[in-house]
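Me: I have a model open and would like to go through the terms used for it. Could you take them one by one with me?

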Amino acid sequence: MITGTLIHPELLGLLATAGHGSKILISDFNYSHGPRCGPNGTVVYANFAPGVLGSPQVLEIIASVIPIESAAVMEPMEEGPYAMTSDPPVWAEFRRILGAQGFECELERIERFAFYDAASDDDHCLTIATGETGYYASILLTIGAIPPPA
């Protein structure tokens, strides 16, 4: 019996086999999960319905069980139907959640196609598909190292 905040058996197993430098993508509703999964990655579908189990909820749980070295988001387009003039609202939630876990770096902004490449390279081990409906609400985490005992 598990008493922590993460009780999903498949996710626990995948996180247990990941190590320092492995990448985890928490993807939003619009992300192309299957085609953009790296050669060593697994997709876990937690997208039950639009808006159900959003990216911030998943990030909060994942951030409570792994050390995070870096976090990246897809830079919004400057023109076109998905253009944004300010940061997507969900990024404030990402910052709050990561800060509560002691992560002190800023979110790295990566251009759209470079983000797809980073989220599907050889170090990508896991994509968690969410029902998050907000634009630019995917976050790419790099697992950090656990410090030695004091």
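Reply: Gladly! E1 and E5 pair in the parallel sense over five bridges. This is a predicted model, where local features need pLDDT of at least 70 and side-chain atom pairs count only at pLDDT 80 or more, while totals for chains, interfaces and linings use all residues. Residues are numbered from 1 along each chain as its sequence is written, and side-chain values use heavy atoms, with hydrogens and water left out.

Me: Why are E1 and E5 called a pair?

Reply: Two strands pair if DSSP finds at least two bridges between them, and E1 and E5 have five, so the term applies. Leu25, for instance, has Thr127 in E5 as its bridge partner. Strands here are DSSP E runs of at least two residues, helices H or I runs of at least four, numbered from the N terminus.

Me: What makes E2 and E4 edge strands?

Reply: The open sheet has six strands in the order E2-E5-E1-E6-E3-E4, with mixed pairing. E2 (42-45) and E4 (108-110) each pair on one side only.

Me: Which residues of H2 are called buried, and why are they on the same side?

Reply: Buried means under 20% relative accessible area, exposed over 50%, partly exposed in between (1.4 Å probe, protein chains only). In H2 (55-63), Ser55, Pro56, Val58, Leu59, Ile62 and Ala63 are buried. They cover an arc of only 160° around the axis, so they lie on the same side of H2; the arc is that of the directions from the helix axis to the C-beta atoms.
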